[in-house]
Amino acid sequence: MAKKFATVFGWIFVILGILGFFSNPVIGEAPGAWLMAGTAHNVVHLITGVIFLWVAYGSPMKSAGMLKLFGVIYLLVAIIGFFSSTGSILGLFMVNGADNWLHLVLGIIFLWGGMSKSSSAMNMGGGM
């Protein structure tokens with residue numbers, strides 16, 4: 001299951017990273033964009049997506065560990081975002097309320113995906 005999570009979220013992050021460089025109402029610096037993402041934020045999305053895809057396709061056994069790592073990172077980013085008085089994450093990139101909630105949800109999903117056992121692993125003696 002971790003490989004599937006890493007693959008799906010890898011492609012989502014790559015697409016969002018690219019989409020953020022173009023004016024649109026969903027993600028970007030355009031006024032009224034639902035999710036705030038400047039150049040640095042878009043690069044982070046691209047790097048996250050590439051790492052997920054690299055692990056999912058190149059070393060699927062490490063997908064769970066990578067999901068857990070990014071789960072912790074995204075939870076920390078959400079917490080910092082919620083408590084930021086400047087609307088930025090350590091001055092590196094800007095976020096808004098929707099970004100903070102999304103980072104929180106993604107952190108939880110990544111941790112859950114990294115900790116979940118696949119049905120094939122459970123059939124090999126890891127479960128009931």
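Mentor: Begin with contact, which means heavy atoms within 4.5 Å. This is a predicted model, where local features need pLDDT of at least 70, side-chain atom pairs count only at pLDDT 80 or more, and totals for chains, interfaces and linings use all residues. Residues are numbered from 1 along each chain as its sequence is written, and side-chain values use heavy atoms, with hydrogens and water left out.

Trainee: Which residues does Phe110 touch, not counting residues up to four places away in sequence?

Mentor: With that exclusion, Phe110 touches Phe9, Phe13, Phe52, Leu67, Lys68, Phe70, Gly71 and Tyr74.

Trainee: How many residues has the largest nonpolar core?

Mentor: A nonpolar core is a set of buried Ala, Val, Leu, Ile, Met, Phe, Trp, Tyr and Cys residues joined through side-chain atoms within 4.5 Å. Buried means under 20% relative accessible area, exposed over 50%, and partly exposed in between, with a 1.4 Å probe and protein chains only. Here the largest such core has 14 residues, and Phe9, Phe52 and Phe110 have the most contacts inside it. At least two residues each come from helix H1 (2–19), helix H2 (39–58), H3 and H4. H1 gives the most, with five residues.

Trainee: How are helices assigned, and at what angle do H3 and H4 pack?

Mentor: Helices (H or I, at least four residues) are DSSP runs, numbered from the N terminus. Axes are lines fitted to C-alpha atoms, for helices over the stretch in contact, and angles run from 0 to 180 degrees between N-to-C directions. Helix H3 (residues 63–83) and helix H4 (residues 97–115) pack at about 160°, and their axes are 7 Å apart. Angles over 145 degrees count as roughly antiparallel, so H3 and H4 are roughly antiparallel to each other. Their contact divides into 16 nonpolar, seven polar and one charged residue. In these classes, Ala, Val, Leu, Ile, Met, Phe, Trp, Tyr, Cys and Pro are nonpolar, Asp, Glu, Lys and Arg are charged, and the others, Gly among them, are polar.

Trainee: Which residues of H1 meet H4?

Mentor: Ala2, Phe5, Phe9 and Phe13 in H1 meet Leu106, Ile109, Phe110, Trp112 and Gly113 in H4. By class, this contact has eight nonpolar, one polar and no charged residues. The angle between H1 and H4 is about 150°, with axes 9 Å apart, and the two helices are therefore roughly antiparallel.

Trainee: Is Ser63 buried or exposed?

Mentor: Ser63, which lies in helix H3, is buried, with a relative accessible area of 0%. Leaving out residues up to four places away in sequence, Ser63 touches Ala2, Lys3, Ala6, Val55 and Ala56.

How values were computed:
Parallel < 35°, antiparallel > 145°, perpendicular 65-115°, else oblique.
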